Amino acid sequence: MKIGLSLKTNNKLMKRILFWALFASIGLSSCQDDVDRTIQTNLPVESRQLLDNSLNISESLFFAILRYGDYQSPNTIIPGCPTVTFTESTRTVTLNFDTKIACEIKNQVERKGKIILQYGLNSPTSSWTLTYQDYQFGEFKLQGVRTFTPKSLIEIQESFEDLRIISKNEAGTTINGNLTHQISRTLFGINTINSTGEVTGINPVGRSIQLIVDSPRKLEATCIRSGKVYPRAGKESWRISREPGKSVLHSLEYVAKDSCKVDAFAQLSDGRKLLLNP
């Protein structure tokens with residue numbers, strides 16, 4: 001009798017163990033599915049953040065590539081229609097977007113605050129800086145200093161550290177960058193700006209990010225002067241960390257259309273292709 005009872009007890013115990021093992025397995029599988037779904041759901045949001053970062057890096061570049069003498073010319077068209085003031089002793093130009101002048105440019109994105117350009121010595125090899133002062137591009141605030149160094153008549157090197165891009169929700173991205181800009185000019189001023197290089201940093205949720213410009217990001221001055229902000233061409237790879245030793249890779253591509261219109265496409269790590277600016 002004792003042996004029979006022992007066998008029955010063991011059978012019941014084994015059944016319970018199998019039941020709970022199966023339950024745990026289903027639970028873990030369900031949790032993994034939930035994580036996968038969460039990641040999938042957030043990928044389009046993440047790709048939109050990449051577009052915002054890309055635009056915030058490139059939108060004020062035109063101001064920095066203009067020379068001190070360009071700002072003194074009455075023929076220079078400045079996007080955003082800011083008031084322009086000069087400090088001759090330091091060769092400084094201040095663009096104030098809070099006190100705009102009357103102009104016919106229809107700006108795609110509103111700018112606020114100031115951009116300060118300090119050109120320093122009047123020398124073809126001297127570096128100059130662009131500093132954001134309470135500056136806002138659309139819904140984003142920008143903070144920091146960008147340094148530009150001429151390498152030739154058509155090439156400019158740019159570097160920056162701890163540049164901050166802050167959203168309307170006060171979520172901040174911090175980036176460091178080294179970029180090269182190839183400039184083409186006509187008798188009427190800048191024609192195109194083609195940029196390559198690398199940017200690294202930390203996104204709002206603390207993940208490391210890396211941008212590599214695979215195909216030059218191209219700004220056309222005609223479009224920029226008319227108030228448009230999107231590059232006319234370019235392809236970027238964005239690598240984003242997930243956990244130690246793991247990352248995902250997205251790409252961002254600008255495709256030109258007619259009349260300065262541009263489609264911005266994201267190729268997500270899961271294979272989906274999204275139009276980010278419909």
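Reader: What is the volume of the largest pocket?
Author: The structure is a predicted model. A probe the size of a water molecule, rolled over the atoms, shows where empty space is left. For the largest pocket, the volume comes to about 430 Å³.

Reader: Which residues that line the largest pocket are the closest to its centre?
Author: The lining of the largest pocket holds 23 residues. Those closest to the centre are Arg67, Ser123, Pro124, Trp128 and Pro150.

Reader: Which elements each supply at least two residues of the lining of the largest pocket, and how do the residues of the lining divide?
Author: Helix H3 (68-72), strand E6 (155-166) and strand E7 (172-186) each supply at least two residues of the lining. By residue type, the lining of the largest pocket divides into eleven nonpolar, seven polar and five charged.

Reader: How many helices and strands does the chain have, and what percentage of its residues count as buried?
Author: The secondary structure of the chain comes to four helices and 13 strands. The chain has 278 residues, and the part that counts as buried is 39%.

Reader: Is serine 60 buried or exposed?
Author: Serine 60 lies in the loop between helix H1 (2-58) and helix H2 (61-65). Buried means under 20% relative accessible area. Serine 60 has 1% relative accessibility, so it counts as buried.

Reader: With which side chain does the side chain of serine 60 make a polar contact?
Author: Leaving aside neighbours within four places in sequence, serine 60 is in contact with Ile115, Leu130, Tyr132 and Arg146. The polar contact of its side chain, at 2.7 Å, is with the side chain of tyrosine 132.

Reader: Where is arginine 111, and is it buried or exposed?
Author: Arginine 111 is placed in strand E3 (residues 111-118). Its relative accessible area is 4%, which means that arginine 111 is buried.

Reader: With which side chain does arginine 239 make a polar contact through its own side chain?
Author: Arginine 239 is in contact with Ser208, Ile209, Gln210, Ser247, Val248 and Leu249, leaving aside neighbours within four places in sequence. Its C-alpha atom is separated by 9.6 Å from that of serine 269, 30 residues apart along the chain. The polar contact of its side chain, at 3.1 Å, is with the side chain of serine 247.

Reader: Which backbone nitrogen does the side chain of asparagine 203 reach?
Author: Asparagine 203 is found in the loop between strand E8 (189-202) and strand E9 (208-220). It is buried because its relative accessible area is 7%. Not counting residues up to four places away in sequence, asparagine 203 touches Gly172, Thr173, Ile209 and Ile240. At 2.8 Å, its side chain reaches the backbone nitrogen of arginine 207.

Reader: What is phi of cysteine 81, and what is phi of glutamate 170?
Author: Most residues other than glycine have a negative phi. Cysteine 81, in the loop between H3 and strand E1 (83-87), is buried at 5% relative accessibility. Glutamate 170, in the loop between E6 and E7, is exposed, with a relative accessible area of 52%. Phi has a positive value in each case: near 55° for cysteine 81 and near 65° for glutamate 170.

Note on methods:
Residues are numbered from 1 along each chain as its sequence is written. This is a predicted model: local features need pLDDT of at least 70, side-chain atom pairs count only at pLDDT 80 or more; totals for chains, interfaces and linings use all residues. Side-chain values use heavy atoms; hydrogens and water are left out. On a 1 Å grid over the protein atoms alone, a cavity is a set of points where a 1.4 Å probe fits but cannot get out, and a pocket is an open set with protein on both sides within 12 Å along at least five of seven lines; lining residues have an atom within 4 Å of a point. Grid points are joined across faces, edges and corners, and a volume is the space filled by probe spheres set on the points. Ala, Val, Leu, Ile, Met, Phe, Trp, Tyr, Cys and Pro count as nonpolar, Asp, Glu, Lys and Arg as charged, and the others, Gly among them, as polar. Buried means under 20% relative accessible area, exposed over 50%, partly exposed in between (1.4 Å probe, protein chains only). A polar contact is a pair of N or O atoms within 3.5 Å; within protein, one must be able to donate a hydrogen and the other to accept it, and residues adjacent in sequence count only if both atoms are side-chain atoms. Contact means heavy atoms within 4.5 Å.
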